[in-house]
Amino acid sequence: MDLMRSALAGHPEEIYSLLKFKLGGCETVQTKCHYDQMCPSMRTCYQYLNQTSRSFAAVTQALDGDLRDAVCIFYLVLRALDTVEDDMTIPLDTKLDMLHNFYTYLQDPAWRFMDSNEKDKMVLEDFPTISQEFRKLKPLYQEVISDICRRMGAGMAEFVQRSDVDTLADWDKYCHYVAGLVGIGLSRLFSGSEFEDQLVGEDTDLANSMGLFLQKTNIIRDYLEDQVDGREFWPRQVWSKYAKKLSDFRQSEMSQNALWCLNELVTNALLHVPDVMKYMSRLRNQSVFNFCAIPQVMAIATLARCYNNPKVFQGVVKIRKGEAVKMMINATNMENFRGIMRPFCEEIFSKMSQQDPSYSVTMEIVETIRQLTETKHNALTIQTTLSPLHVSCVLVVAAMTWQYWTQIHWIYEHYLDWH
Ligand code: IN0
């Protein structure tokens, strides 16, 4: 199915990536986890990680040394905090109390919460298993995770009491609490593990930008989903230039204004890219590089897809699996990272219109990103112009390979069943 989608979209090169990935030849996400050597509670934590996220779980399990368990626990603890913030069935007073005190629950072996209806409620119901593993981490890691939970809980409590995100400064502040702090915490874990330089953990501005770029992209992409759920994260300072109510963008007659608002927010998110490039260029450990690079390339791909796209207001804007896998496999060094980012920047450029009120600001950041993503060979950028003949040839080869592989796989599985 994914193969057909890539082929029909005119990107047969993604078929190669999908096959490579399915055949297990992807070191980027090759797990270094040995579940049989783990204690049952840590094994449970990895099960939760695998249930809550997809690609993220894979790159986390490929992290080196004690960083793997620390990031796994950090992620689950943050998931638990996020689940409290999201749960609209918790009375406001109780929620504020829980958000402020959340970091203290890490030290309480008995704390759990059984009254959530959210999809990830298991991390709250089985919090004792997670907090038990938290208390086994080295003290430095525990201090980082606890400090981030304290600051994030307080920040979330501040925004839970407000009805919306007002100014652009508020937007940055909200994103700092829910994602920038994650970047700051992770960077301190990287430095604390000694796999990365101390500077990575000390430069909180760059770490913050890493999180802001991801979170702003999520907020832009999730316009419709958040509207349906009765949530608004687009900053009033921007949308009020184009509409009386944020929900007006759902009406099709508003489409030009909606697109201009969307493009202004995409432009704002792109302003973080220079910091992202600088942060990434400082990373030295391969597993940390992959872990950080994958969400960033997914984000720029999502932004490029969203730019000037009316689908943001009518449905879901998604990256094809073939495209995602191709990026995951290739985002392993700075040269490739630049080469992956650049075509998305060009995709945005190709969709720009001079009538757009943000045109000149968008142009300026697109130019900057162009310069920052200059590569020696521009190898990964040759991908758009493939003739129908190429497509057909690749399709035939892919179909044959697929047939061969599924048979081998079938035989292999049945062989395992019998023995
Ligand atoms: C993350 C981030 C994340 C990873 C690596 C480096 C980071 C540096 C700064 C900030 C965040 C960083 O990555 C995940 C990615 C993820 O979960 N992807 C989903 C797909 C999706 O679309 O949701 C998947 O299933 O793979 C992320 O989005 N967040 C996150 C949370 C905790 C940690 Cl420890 C790291 C969430 C967020 C809000 C963007 C910070």
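Here is a short exchange about salt bridges in this structure.

Biologist: What kind of model is this, and how are residues numbered?
Modeller: It is a predicted model, where local features need pLDDT of at least 70, side-chain atom pairs count only at pLDDT 80 or more, and totals for chains, interfaces and linings use all residues. Side-chain values use heavy atoms, leaving out hydrogens and water, and residues are numbered along each chain as its sequence is written, from 1.

Biologist: How many salt bridges are there?
Modeller: Side chains of opposite charge can pair when their charged atoms come close. A salt bridge here is a side-chain nitrogen of Lys or Arg within 4 Å of a carboxyl oxygen of Asp or Glu. By this rule the count is 23.

Biologist: Asp-120 forms a salt bridge with which residue?
Modeller: Buried means under 20% relative accessible area, exposed over 50%, and partly exposed in between (1.4 Å probe, protein chains only). Asp-120 is buried at 9%. The closest N and O atoms are 3.4 Å apart, and the partner is Lys-119.

Biologist: How far apart in residues are Arg-236 and Asp-164?
Modeller: These two form a salt bridge, with the closest N and O atoms 2.6 Å apart. Arg-236 lies in helix H14 (residues 236-239), and Asp-164 in the loop between helix H9 (139-160) and helix H10 (168-192). Helices are DSSP runs of H or I, at least four residues, numbered from the N terminus. The pair links distant parts of the chain, 72 residues apart.

How values were computed: Helices (H or I, at least four residues) and strands (E, at least two) are DSSP runs, numbered from the N terminus.
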